[in-house]
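Colleague: Could you put the model up on the screen? I'd like to go through the side-chain packing with you.

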Amino acid sequence: MGVSFDIAQLPWQTWSPTFDASASMTWSGSPTTVIARYAQLGKTVFFEVNRYATTGGTPSPICRFTLPIVAAFADANSTLGGGCAVAVSGSWLGGFYYLSSNGSTVNVLVFDQRNYDGAATAQINVSGCYEVA
């Protein structure tokens, strides 16, 4: 017998993820909008991150953010991840995300692993779930 629940009924909480990127790319400036919320059901954490900001520094292919609770499992071969939406210089593109081997950071890439544009607006919309200890 399966378990049924309505995720909209879970008590969502906000958190303040730290954002950075590979190389020396930065996410800052104006405009900056961050929506970060999560809900926990037993050992499963559901999360949603929407970040809209201006990039700076040297363009790179990976944007990162920290999770609200460290994942229970992570290694160099982690397959936790999925599809997401990424906008680069005003154009929506497909993207994907995966859990870093430290279990506390998510990497977000454009579908073809191109660099995010420098000195441009970029947006990521990521939602998913993972297991905690």
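Colleague: Which residues do ring pairs link into a cluster?
Modeller: This is a predicted model, and in it F19, F47, F65, Y97 and Y130 are joined into a cluster by ring pairs.

Colleague: What does F47 touch, leaving out residues up to four places away in sequence?
Modeller: F47 touches W15, R37, Y38, F65, L67, Y97, V126, S127, G128, C129 and Y130, and F47 is also among the residues with the most contacts inside the largest nonpolar core.

Colleague: How many residues does that core have, and which others have the most contacts inside it?
Modeller: The largest nonpolar core has 30 residues, and besides F47 the ones with the most contacts inside it are W27, F65, V108, Y116 and I124. At least two core residues come from each of strand 2 (19-21), strand 3 (26-41), strand 4 (44-56), strand 5 (63-66), strand 6 (81-88), strand 7 (91-99), strand 8 (105-110) and strand 9 (121-131). As background, nonpolar side chains in soluble globular proteins tend to be buried together.

Colleague: Back to the rings: how many aromatic pairs does a search of the whole structure find?
Modeller: The search finds 6 aromatic pairs. One of them is W15 with Y38, whose ring centres are 5.9 Å apart and whose planes are at 80°, so the pair is edge-to-face. W15 sits in the loop between strand 1 (13-14) and strand 2, while Y38 belongs to strand 3, so this pair ties together parts that are 23 residues apart in sequence.

Colleague: Are W15 and Y38 buried or exposed?
Modeller: Both W15 and Y38 are buried.

Colleague: And how are the rings of W27 and Y116 arranged?
Modeller: Their centres are 5.7 Å apart with the planes at 70°, so W27 and Y116 form an edge-to-face pair. W27 is in strand 3 and Y116 is in the loop between strand 8 and strand 9, so the pair ties together parts that are 89 residues apart in sequence. W27 counts as buried at 7% relative accessibility, and Y116 is buried with a relative accessible area of 0%.

Colleague: Which arginines lie over a ring face?
Modeller: R37 lies over the face of W12, at 4.0 Å from the ring centre, and R51 lies over the face of F19, at 4.4 Å from the ring centre.

Colleague: What is N107 in contact with, leaving aside neighbours within four places in sequence?
Modeller: N107 is in contact with I62, C63, R64, F96, Y97, Y98 and S100, and its side chain makes a polar contact of 3.0 Å with the side chain of S100. N107 is found in strand 8 and is buried, with a relative accessible area of 6%.

Colleague: Last one: how many helices and strands does the protein chain have?
Modeller: The protein chain has 0 helices and 9 strands, and buried residues make up 39% of its 133 residues. Of the contacts in the protein chain with a separation of 6 or more, 69% are accounted for by residues 24 or more positions apart.

Key: Residues numbered from 1 in each chain as written. Heavy atoms only, no water. Core = buried A, V, L, I, M, F, W, Y, C linked by side-chain atoms within 4.5 Å. Buried < 20%, exposed > 50% of the residue type's maximum accessible area, 1.4 Å probe, protein only. Helix = DSSP H or I, 4+ residues; strand = E, 2+ residues; numbered from the N terminus. Contact = heavy atoms within 4.5 Å. Phe/Tyr/Trp six-rings, centres within 6.5 Å; stacked < 30°, edge-to-face > 60°. Lys NZ or Arg CZ within 6 Å of the ring centre and 35° of its normal. Polar contact = N/O pair within 3.5 Å; in protein donor to acceptor, adjacent residues only side chain to side chain.
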